Amino acid sequence: MRHALAAAVLLLSASAAAEVAHGGTSEVQAVRATMDPGGPRVVVDLSAPTAFKVFTLDSPRRVVLDLADTRLADGVRLPRSLGPIIAVRSGVQPGGALRLVIETSSDEEPRAARLAPVGAEGHRIVVDWAGGGAQRPVAAVHAPKQGTRDVVIAIDAGHGGKDPGAIGHRGTLEKGVVLEIARELAGLIDREPGMRAVLIRDGDYYIAHRERIRRARAAKADMFVSIHADAIRDRDVSGASVYVLSERGATDEAARWLAERENAADLRGGVSLSDKDDALATVLLDLSQVANISASMLAAERVIDAFDGLVPVRKPRVQQAGFLVLKSPDIPSMLIETAYITNAADERRLRSDAQRSKLAGAIVAGVQSYFTRNPPEGTRFAELRRLAAAD
Ligand SMILES: [Zn+2]
């Protein structure tokens, strides 16, 4: 156990060391202790990605976090006793490292990870014990009960394999950059409490559109997000757009679902079409699709809002179109044209790791904001909302 942690920590430090060499001094902006059903957690908010080492010492039991080339910003208060976290102290190490010492009563080995910015959260190093869990402010009294299910977000990287998608003037292939964004997005989602990502495609191969929908349904996805990059003859056009299914596209699809309803799986709401006559099945399907388009629209609006100021946007309103991949009648679905690969500045952005993480971070923030307002039954989001209402 201890060996595994040491190896993981070495790996993190080695990959992070290069960044600090370029990045210069980092600053600790806050240190937060939080408590969650999953266990206690210490979050160190940083001004930049920072190389670190973590190890434990005994008698008294403590976790030592050494942050390379880092200083403590003025006025930062270190957290006091919370659950098994007894105290946090700081000290300056030779060579400019900042040492944070977490005195703890827990014998468990902590896990430490560096997280990229997501939504309102910036660069962080998180130390958690026993499965981690959500970040909750120290002052928060309530915590969601255990046993809630995660919301599942199906992430569909467009195109793949024989289908390269759009091609930029510098030769950038849509199928490649959207897979990078999809993977980044999945990583960020999996780090958020109460959310889990499923990649519809995780390699350079082609999947038919209906198969993409089928995979999302098989994963019991609560949301489907398809990632693309747009192309147009006019090289000046740039920025992101977000699409949901048009009513027209839904109507066309209804006929197909009805025709195939003997084979089709039940709708997410527990409604089966197979035992209904045509008239009733049509009504049920229509209702499901109308509700699904409006849910998709709300979610897409949250994503566009999250783009504001972070990601250049071409159209500030949600667009509607008959994209085949959006045609699930019961999973809120959106297609994000992340940028114009045919625009020089956009193509450059799509090729940049930093810009792709920024984009992925904004998408996560939007999706999270949607689920906070529209929590599916039985999820952590529903539980948090119930607790908030009870206050
Ligand atoms: Zn595309």
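1. A cavity, as the word is used here, is a set of grid points inside the protein where a 1.4 Å probe fits but cannot get out. Please keep in mind as you read that this is a predicted model. With that definition in hand, how many cavities of 30 Å³ or more does a search of the whole structure find? The search turns up two.

2. Let's start with the largest cavity, whose volume is about 120 Å³. Its lining is made of 14 residues. If you want to find the place on screen, look for V311, T338, R349, Q355 and L359, the lining residues that lie nearest the centre of the cavity.

3. Which elements give two or more residues to this lining? They are β15 (333–340), α6 (344–351) and α7 (353–373). Of these, α7 gives the most, with four residues. Sorted by class, the lining of the largest cavity holds seven nonpolar, three polar and four charged residues.

4. Now for the second largest cavity, which holds about 50 Å³ of space. Around it you will find L245, A250, Q289, N292, I293, S296, L326, S328, P329 and S333. Helix α5 (residues 278–307) supplies the largest share of this lining, namely four residues.

5. Next, have a look at the zinc ion. Which protein residues are its donors? They are H159 through NE2, E174 through OE and H228 through ND1, lying 2.1 Å from the ion. You can trace them along the chain with the spacing H-x14-E-x53-H.

6. E174 has a relative accessible area of 3%, so E174 is buried. H228 is buried too, because its value is 9%.

7. Finally, turn to strand β2 (residues 39–46). This strand is mostly covered, and eight of its eight residues are buried. β2 pairs with strand β9 (residues 123–128) in the antiparallel sense, over six bridges. To see one of these contacts for yourself, pick V44 and look across to β9, where its bridge partner is I125.

Definitions and conventions:
Residues numbered from 1 in each chain as written. Predicted model: local features only at pLDDT ≥ 70, side-chain atom pairs only at ≥ 80, totals over all residues. Heavy atoms only, no water. Donors = N, O, S within 2.8 Å, 3.2 Å for Na, K, Ca; no water. Buried < 20%, exposed > 50% of the residue type's maximum accessible area, 1.4 Å probe, protein only. 1 Å grid on protein atoms, 1.4 Å probe; cavity = no way out; pocket = protein on both sides within 12 Å on 5 of 7 lines; lining within 4 Å. Points joined across faces, edges and corners; volume = space filled by probe spheres on them. Nonpolar A, V, L, I, M, F, W, Y, C, P; charged D, E, K, R; others polar. Pairing = 2+ DSSP bridges.
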